[in-house]
Amino acid sequence: MKQTHKLLFLFIVTLLLSSMLLGCAAIPEEYTKGVKLDKNYPDDDMPIMDDAIVYFSDGDDEEITIKYGVSDDLDDVVDFYKDFFDDNDISLSDETDKDTKYTAQGYFQDFIFEIRVTHPSGEY
């Protein structure tokens, strides 16, 4: 009888561990490996951070939207863009800098841009 309880306990523990490990593998690949950046994205004109993982990229003739994540703090990302704006003498048409969110809009080269930096939210 004790042998049966031990086997049942071992089976339940194995089942729980397996389900937890399967749950870890359920994170979408674009959040861990990334997707290709739109071929028309002006990376030289509006850079993204070096360790960025682009998880969304969509574009047409008029607009390109990308979303990416980095492991850096929000302040580091904001500093990256503020330094870029200063180095390139970019004046912004709108800028908001709060504890949990930063937005910037402006015109540079031959395009209008909008940047939104926020703390991550959601499951992934």
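Author: Here is a close look at the salt bridges and some residues around them.

This is a predicted model, in which local features need pLDDT of at least 70 and side-chain atom pairs count only at pLDDT 80 or more, while totals for chains, interfaces and linings use all residues. Residues are numbered from 1 along each chain as its sequence is written, and side-chain values use heavy atoms, with hydrogens and water left out.

Start with charge. Side chains of opposite charge can pair when their charged atoms come close. A salt bridge here is a side-chain nitrogen of Lys or Arg within 4 Å of a carboxyl oxygen of Asp or Glu. The whole structure has two salt bridges.

One joins Asp97 and Lys82, at 2.8 Å from N to O. Asp97 lies in strand β3 (residues 92-97) and Lys82 in helix α3, so this pair ties together parts that are 15 residues apart in sequence. Helices (H or I, at least four residues) and strands (E, at least two) are DSSP runs, numbered from the N terminus.

How open are these two residues? Buried means under 20% relative accessible area, exposed over 50%, and partly exposed in between (1.4 Å probe, protein chains only). Asp97 has 46% relative accessibility, so Asp97 counts as partly exposed. Lys82 is partly exposed too, at 28%.

Now the salt bridge between Arg116 and Glu114. Their closest N and O atoms are 3.5 Å apart. Arg116 is exposed, because its relative accessible area is 60%. Glu114 has 47%, so Glu114 is partly exposed.

Thr103 sits in strand β4 (residues 101-108). Its relative accessible area is 16%, so Thr103 is buried. Contact means heavy atoms within 4.5 Å. Neighbours within four places in sequence aside, Thr103 is in contact with Asp94, Glu95, Thr96, Ile115 and Arg116.

Go back to helix α3, which covers residues 74-87 and includes Asp87. Asp87 is exposed, because its relative accessibility is 64%. Asp87 belongs to a negative surface patch, with Asp73, Asp75 and Asp76 among the other members. Patches are made of residues with over 30% relative accessible area and no salt bridge; like charges are joined within 9 Å, and nonpolar side chains (Val, Leu, Ile, Met, Phe, Trp, Tyr) within 5 Å.

Last stop: Lys67, in strand β2 (residues 64-69). Lys67 is partly exposed, at 42%. Neighbours within four places aside, Lys67 is in contact with Ile53, Val54, Tyr55 and Phe56.

How values were computed:
Areas by Shrake-Rupley, 256 points an atom, 1.4 Å probe, with all protein chains shown as cover. Lys, Arg positive; Asp, Glu negative; His and termini not counted. Charge placed at Lys NZ, Arg CZ, Asp CG, Glu CD.
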